[in-house]
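Visitor: Could you take me through this structure? I would like to ask about parts of it as we go.

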Amino acid sequence: MNIETKAIQSTTHTDAQYGSIGTPLYQTSNFRFRSPGESTGYDYTRSGNPTRNTLENVIAELEGGARAVAVSTGMSAIATVLAHFGAGAHIICTHDCYGGTARLLNLFKDQRKLEVSFVDLSDPISLFDAIKANTRCLWIETPSNPLLNVVDVEALSKIAHASKLLVCVDNTFLSPFNFQPFKFGADVIVHSTTKWLNGHSDVCGGAIVSKTTELGERFQYLANALGTTTGVFDSWLVLRGIKTLGVRMRQHESNAQAVAEFLQAHTNVSEVFYPGLESHPTHELAKRLQTGFGGVISFRVRGKFEKEVKHALGSTKIFALAESLGGVESLIEHPATMSHFSMGAELREKAGITDDILRISIGIEHIDDLLADLEEALNFSSLHNKQFKFSLKEEEVAA
Ligand SMILES: Cc1ncc(COP(=O)(O)O)c(C=O)c1O
């Protein structure tokens with residue numbers, strides 16, 4: 001079955017009792033035992049719930065993994081995976097990862113629970129130099145956020161496996177519709193289901209998908225022990241979102257390609273970061289590994305932060321000024337002061353996340369409306385006129 005079919009089929013045949021097409025919502029914290037010591041298979045929702053299990057099975061199937069556990073947020077997925085490692089383990093992480101991932105890794109580093117190295121993984125050879133005797137995990141985020149650099153998960157996994165590292169891939173940005181990391185060597189995949197998988201900006205959620213049953217059991221154990229498993233209604237909402245993953249992702253991507261080309265040709269934009277553009281440094285790699293380029297674009301505005309950049313951010317009418325991504329609605333944000341603020345100035349500078357970069361998440365609105373909105377926001381003539389009048393006045397005063 002193709003992924004669009006799987007996303008629907010695996011959510012519609014779950015009710016053996018009544019054959020409901022929609023997934024039953026078992027909104028309960030606990031379950032009655034049949035007799036002492038004999039449960040129905042479920043006893044307490046933190047440990048297991050049929051609605052959440054349906055979501056877990058669907059996500060595992062879409063990613064081609066053995067098992068998944070659905071947790072409360074993308075960050076709780078990351079925290080649960082990190083809980084797998086013993087004190088003093090060394091983690092190597094993509095240097096331009098999501099700010100929240102960097103914040104959590106830095107917290108554990110400061111508390112001396114983990115050793116952490118942020119490494120530019122664009123050249124797989126750099127991984128060799130970073131591996132130490134206590135390295136246990138390679139944490140890959142691809143494409144990177146917000147510069148959308150794709151890394152060679154296949155080459156990196158081979159190097160990591162030679163040193164027995166666990167390869168974890170954060171597949172939030174692409175979703176299983178556009179990238180299947182297990183085919184390229186990943187052992188564990190994490191998701192913020194808040195994004196494309198749910199797709200409607202009404203849930204925060206996460207998932208951990210494991211390639212093997214053994215790892216899957218370990219993460220189920222950890223999620224239950226830490227209490228990070230997600231709520232039942234949120235599971236149900238994500239299940240409903242997943243049914244339309246295929247049509248949504250196609251529309252997101254076709255809009256994104258058109259927007260990226262529009263921005264590339266715009267005089268007030270100096271650089272566009274979108275792997276679907278032939279000019280993107282990792283376009284060929286993305287074409288080889290991925291089945292699509294996703295719906296996130298970043299670009300550099302030609303001008304100053306206090307003037308042109310702020311004007312562009314504050315002038316859109318369809319693109320909402322908001323963090324996050326992956327919903328049906330288009331969003332615009334400023335990584336340096338919003339999504340990547342918590343990363344800290346030093347790491348941001350190292351990763352090339354400068355103040356003139358904006359990130360947009362492309363929704364499924366009509367493309368003509370999206371382009372018109374951006375055209376309006378990138379029209380700086382009113383700003384320049386103001387400045388012109390002002391400088392004229394200054395000259396008049398000086399005269
Ligand atoms: C790549 C990536 N991973 C993880 C997360 C964290 O997800 P959540 O906000 O659901 O905790 C985010 C959030 O933006 C993200 O972009």
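This is a predicted model: local features need pLDDT of at least 70, side-chain atom pairs count only at pLDDT 80 or more; totals for chains, interfaces and linings use all residues.

Visitor: How do H1 and H2 cross?

Guide: The axes of helix H1 (residues 3-12) and helix H2 (residues 50-63) come within 10 Å and cross at roughly 160°. That angle makes H1 roughly antiparallel to H2. Angles under 35 degrees count as roughly parallel, over 145 as roughly antiparallel, 65 to 115 as roughly perpendicular and the rest as oblique. Helices (H or I, at least four residues) and strands (E, at least two) are DSSP runs, numbered from the N terminus. Axes are lines fitted to C-alpha atoms, for helices over the stretch in contact, and angles run from 0 to 180 degrees between N-to-C directions.

Visitor: Which residues of H1 and H2 meet?

Guide: On the H1 side they are Ile3, Lys6, Ala7, Ser10 and Thr11, and on the H2 side Thr54, Asn57, Val58, Glu61 and Leu62. The residues of this contact of H1 with H2 divide into four nonpolar, four polar and two charged. Contact requires C-beta atoms, placed from the backbone, to lie within 7 Å. Ala, Val, Leu, Ile, Met, Phe, Trp, Tyr, Cys and Pro count as nonpolar, Asp, Glu, Lys and Arg as charged, and the others, Gly among them, as polar.

Visitor: Which residues of H9 are buried, and what covers them?

Guide: In helix H9 (residues 232-242), the buried residues include Asp234, Ser235, Trp236, Val238, Leu239, Gly241 and Ile242. Their cover includes H1, H2, strand S1 (67-71) and helix H10 (245-264).

Visitor: At what angle do H10 and H14 pack?

Guide: H10 and helix H14 (residues 367-377) pack at an angle of about 30°, with their axes 10 Å apart. The two helices H10 and H14 are therefore roughly parallel to each other. Asn255, Ala258, Val259 and Phe262 of H10 meet Ile367, Leu370, Leu371 and Leu374 of H14. The residues of that contact of H10 with H14 divide into seven nonpolar, one polar and no charged.

Visitor: New topic: how many residues surround the ligand, and which are the closest?

Guide: The ligand is surrounded by 15 residues, and the closest are Thr73, Gly74, Met75, Ser192 and Thr194. By class, the shell around the ligand has four nonpolar, nine polar and two charged residues. A residue is near a molecule or strand if its C-beta atom, placed from the backbone, lies within 6 Å of it.

Visitor: What is the phi of Arg112, and what is that of Ser201?

Guide: Arg112 has a positive phi of about 60° although it is not a glycine, and phi of Ser201 is near 50°. Arg112 lies in the loop between helix H4 (99-110) and strand S3 (114-119) and is exposed, with 9 other C-beta atoms within 10 Å. Ser201 sits in the loop between strand S6 (188-192) and strand S7 (206-210) and is buried, with 20 other C-beta atoms within 10 Å.

Visitor: Last one: what does Ser342 touch?

Guide: Not counting residues up to four places away in sequence, Ser342 touches Gly99, Gly100 and Arg103. Ser342 lies in the loop between strand S11 (331-333) and helix H13 (345-350). Ser342 is partly exposed, with 16 other C-beta atoms within 10 Å.

How values were computed:
Residues are numbered from 1 along each chain as its sequence is written. Two residues are in contact if their C-beta atoms, placed from the backbone, lie within 7 Å. A residue is buried if 20 or more other C-beta atoms lie within 10 Å of its own, exposed if 12 or fewer, and partly exposed in between; C-beta atoms are placed from the backbone.
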